[in-house]
2 protein chains.
Amino acid sequence: MGSTTSSATTPPSPISGDDRSSPARIRDAAITRFAADGVDRTSVRAIATEAGVSAGLVLHHFGSKEQLRAACDEHVAGLIRDQKHAAMQAGAGLDPAAVLRSYGDGPPLLAYLARTLVDGSPKVNTLIDEMVADAEEYLAEGERSGLLRPSDDPRGRACVLVLFSLGAVVLHEHAERLLGADLLGAPDGLGPYMLPAFEVLAGGILTPDSYAELRPLLEDAVTGEET
Amino acid sequence: MGSTTSSATTPPSPISGDDRSSPARIRDAAITRFAADGVDRTSVRAIATEAGVSAGLVLHHFGSKEQLRAACDEHVAGLIRDQKHAAMQAGAGLDPAAVLRSYGDGPPLLAYLARTLVDGSPKVNTLIDEMVADAEEYLAEGERSGLLRPSDDPRGRACVLVLFSLGAVVLHEHAERLLGADLLGAPDGLGPYMLPAFEVLAGGILTPDSYAELRPLLEDAVTGEET
DNA sequence: ACAGCTGTTGAACGATGGTTCAGCGTACTG
DNA sequence: CAGTACGCTGAACCATCGTTCAACAGCTGT
């Protein structure tokens, strides 16, 4: 769009009110586009347009699309870590995705994470590992305080809870269609998902009697198959 | 690769022992490649190579890559429905993915489903809706028989359980890394995931006291935000 | 004022991929 | 045996995309 005739005092800040440096603008534009359309369906030119720069500048700053993607992974992982540590001071508990929904202004972190979780990325993998470790610690703490039931396999339980929570985030499109719940946005609109999820996770679905009855059956079935 | 000088009695069955018709071979090859690499990263030529035909024939039979993808969606959805109805005679219960793991010989249905769940497809969407409806029915039956706890929101509970189960399947790569569990293969190797998952889903993670205590808090928080 | 550096652009190149098409061989039909 | 239809191939076409490169503008130091 030609505002080429206007002022243009300095190369930076060519379009609207965004006075950050070009690399930062490009990185956030890439995160936004990657989150919305996926990495493969996003072209370097589309990122450049979103950032208000030329395609050449994107490659000039980041070398290649793959390196840009790696930079986005690292940046998002860092932001999520910061957000998480800030939330740990407060006391956001079990849901590892809860701490990310409050992030409103910047790039769409949860949507980017949902994409990257299925595409695969070493940086995000270690982030997930950290989430599991944090969850395990949280669960142990809740166990000590009498809030949570003890588990036969604390680490396994932490892994499963993280998988459940992030899996629902990855399937946010279906959660929207099935329940009308927006898992990516602000905590508003979470209710239709959060209430039944809490019911299931808090109290389970089995009656106490059938739990005691079915438990050894499953253990035998699984261990019997693993010979 | 010329075996053009040889026999070639009939155009079909050009390579190894696969006497199915070319469209069926192409469709299954596409399902395999789509499941392994994703739709975007799979070229028509790669599908043709996997099926042992030329790229032109793929488009000759299916019109376009997108129509081929739609045909794969429909075929996989049909196979899953058959598999599900066959399993309903037996009695495979809660886990909607369990019925698909037993499918060993044909194309990788679960892996294809995991890809398509995030890419989005109308055909698969209605399949998921059916899974939720089936799960709700199963849960109601278990409720009546005294096996399962009653729920304040039966449909919400069914949705959440399907989301958890399919979400874990979509994140099978992380389940493998975190737990060493293979969520796509045969029921062997499921143990490291299934045991803690059963523990969480069956009995919940909260102690009965804290459940009764926390429950109204969450309800107030959610409904209070939804004004 | 001159040289040099940095940020930036626009055009161009090579590769890949989806799609089209003319032609070839084989099987059925009259 | 002639003719038509069909399955199938290989080459070619065109768009898109990642990437490279020469050139340009503004700032900086001398």
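## Packing of H2 and H3 in chain A

Helix H2 (residues 44–51) and helix H3 (residues 55–62) of chain A pack at an angle of about 100°, with their axes 8 Å apart. H2(A) and H3(A) are therefore roughly perpendicular to each other, a class that covers 65 to 115 degrees, while angles under 35 count as roughly parallel, over 145 as roughly antiparallel and the rest as oblique. Axes are lines fitted to C-alpha atoms, for helices over the stretch in contact, and angles run from 0 to 180 degrees between N-to-C directions. Helices (H or I, at least four residues) and strands (E, at least two) are DSSP runs, numbered from the N terminus.

On the H2(A) side, A:Val44, A:Arg45, A:Ile47 and A:Ala48 meet A:Ala55, A:Leu57, A:Val58 and A:Leu59 of H3(A); two residues are in contact if their C-beta atoms, placed from the backbone, lie within 7 Å. The residues of this contact divide into seven nonpolar, no polar and one charged. Ala, Val, Leu, Ile, Met, Phe, Trp, Tyr, Cys and Pro count as nonpolar, Asp, Glu, Lys and Arg as charged, and the others, Gly among them, as polar.

## Model and chain A overall

The model is predicted: local features need pLDDT of at least 70, side-chain atom pairs count only at pLDDT 80 or more, and totals for chains, interfaces and linings use all residues. Residues are numbered from 1 along each chain as its sequence is written, with chains lettered from A and ligands numbered from 1 in the order in which they are written.

Chain A has eleven helices and zero strands. Of its 227 residues, 42% are buried, that is, with 20 or more other C-beta atoms within 10 Å of their own, against 12 or fewer for exposed and in between for partly exposed, the C-beta atoms being placed from the backbone. Among contacts in chain A between residues at least 6 apart in sequence, 52% join residues at least 24 apart.

## Helix H7 in both chains

H7(A) (residues 122–144) has 23 residues and spans 33 Å from its first C-alpha to its last, close to the 33 Å expected at 1.5 Å a residue; the expected span is 1.5 Å times one less than the number of residues. Its buried residues are A:Val124, A:Leu127, A:Ile128, A:Met131, A:Val132, A:Ala135 and A:Leu139. Just after H7(A), A:Gly146 has a positive phi of about 85°.

In chain B, H7 (residues 122–144) also has 23 residues and reaches 33 Å. B:Val124, B:Leu127, B:Ile128, B:Met131, B:Val132, B:Ala135 and B:Leu139 are buried there. B:Gly146, which follows H7(B), has a positive phi near 80°.

## Contact between the chains

The contact takes 62 residues from chain B and 62 residues from chain A. H10(B) gives the most to the side of chain B that touches chain A, with 13 residues. That side divides into 36 nonpolar, 13 polar and 13 charged residues.

Across the contact, the axes of H10(A) (residues 191–203) and H8(B) come within 9 Å and cross at roughly 80°, and the two helices are therefore roughly perpendicular to each other. A:Pro192, A:Tyr193, A:Leu195, A:Pro196, A:Ala197, A:Glu199 and A:Val200 meet B:Gly156, B:Arg157, B:Cys159, B:Val160 and B:Leu161.

The same surface serves both copies, as 100% of the contact residues of chain B recur in chain A.
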